[in-house]
Amino acid sequence: MSEKVVVGTRGSKLALAQTNKVVERLRDQYEVEIRIIKTKGDIMKDKPLYAFKGSGAFVRAIDEALANSEIDIAVHSLKDVPVERVEGTVISAYLERESPYDAFISKDGSRLEEMEYGAVIGTSSLRRAAQLRRFREDLVIKNIRGNLDTRLRKLGDGYDGIIVAEAGLIRLSLDIDYQRLDSESFIPSANQGIIAVATREGEESLVSFMNHENTMLSAIAEREVLKVLGIGCTVPAGILAETDGSSMKVTCEILEPDGKEVLKMSEEFSFDGLKEVIKKARKFAEAVKDGYG
Ligand SMILES: NCc1[nH]cc(CCC(=O)O)c1CC(=O)O
């Protein structure tokens, strides 16, 4: 008999698809039970996410179940995980990053630049809204909440287009046309496209075999920038770190909600190991913070 582990997750289609990627890799070694946990973000469906003020609307209840030993492993979208951890829990593996980019989906297959004057675009992300306004100030931005599949269903019903994470579309294997938004005008959110696997402290080895090194380095660098700037999802900011394992490019931009660019900075550095990544990412973030005032 193999050891049994309980994996906790949200119940959305995307969350379950992500959890299955983790479970597939656990099944060789463990007997696995999946437990669905409802989070605040699932219950208060109409409240825009930024209104939860970085409290981890999709994450906290699951990490608390982990800390209380109701589950052994938690699967999260790292983008939704606050930099402050629930005590006693730790991110023990970062799965290889899917696309970090945003995707635009329109009702009729038009690209964002081809949309009619005043077209209605659905997003409830402050960052995406600000980047849209900078890109085309005529577009009308309308809040849209709900799981990825709900948002796709709402397309066409009051929206001419929506912006979502490309990673989500890929993980749900959806056969729809979309436009990947370029990384110049639409710098993604820190940690977008990364699945994080958390355990209790001391039990990292349950899942550390599935850690993807370069993803971990990017993830931690982006989180270091978030930490230094002290911003959650209430400030429109794009942060992206890309690495080949020995050099890294980090980009950060901060916008006003109306799309006015506050600053955009980018830096490339070489490094040897995680400690140096953290040190150099922090230095970059401090320079950003000086510019941000
Ligand atoms: N805030 C919700 C959320 N959290 C993670 C993803 C996508 C998957 C990922 O970034 O790994 C999404 C949906 C979206 O942004 O469209």
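Which residues surround the ligand, and which are the closest? I counted 14 around it, and the closest are Lys79, Asp80, Arg128, Ala165 and Gly193. My cut-off for being near is a heavy atom within 4 Å of the molecule.

**Ground rules**

I'm working on a predicted model, where local features need pLDDT of at least 70 and side-chain atom pairs count only at pLDDT 80 or more, while totals for chains, interfaces and linings use all residues. Residues are numbered from 1 along each chain as its sequence is written, and side-chain values use heavy atoms, with hydrogens and water left out.

**Ligand contacts**

I looked up polar contacts next (a pair of N or O atoms within 3.5 Å; within protein, one must be able to donate a hydrogen and the other to accept it, and residues adjacent in sequence count only if both atoms are side-chain atoms). Asp80 puts a polar side-chain atom 2.9 Å from a nitrogen atom of the ligand. For Arg151, I found a side-chain N or O atom 3.2 Å from a ligand oxygen. Gly193 uses its backbone instead: a polar atom there is 2.9 Å from an oxygen atom of the ligand. On its own the ligand has 390 Å² of accessible area, and the protein covers 91% of that (Shrake-Rupley method, 1.4 Å probe).

**Who builds the shell**

I sorted the shell by class and got five nonpolar, four polar and five charged residues. Here Ala, Val, Leu, Ile, Met, Phe, Trp, Tyr, Cys and Pro count as nonpolar, Asp, Glu, Lys and Arg as charged, and the others, Gly among them, as polar. At least two shell residues come from each of α1 (13-26) and β8 (161-165). Domain 1 (1-95 + 194-211) and domain 2 (102-180) both give residues to the shell, so the ligand lies between them. The domain bounds come from an automatic or database assignment.

**Whole chain**

I find eight helices and 13 strands, taken as DSSP runs (helices H or I, at least four residues; strands E, at least two) numbered from the N terminus. Of the 293 residues, 52% are buried; buried means under 20% relative accessible area, exposed over 50%, partly exposed in between (1.4 Å probe, protein chains only).

Ser69 isn't a glycine, yet its phi is positive, near 65 degrees. I located Ser69 in the loop between α3 (60-67) and β3 (73-77), and it counts as partly exposed because its relative accessibility is 46%. Asn191, also not a glycine, has a positive phi of about 70 degrees. Its loop runs between β9 (179-180) and β10 (195-200). At 1% relative accessibility, I put Asn191 down as buried.
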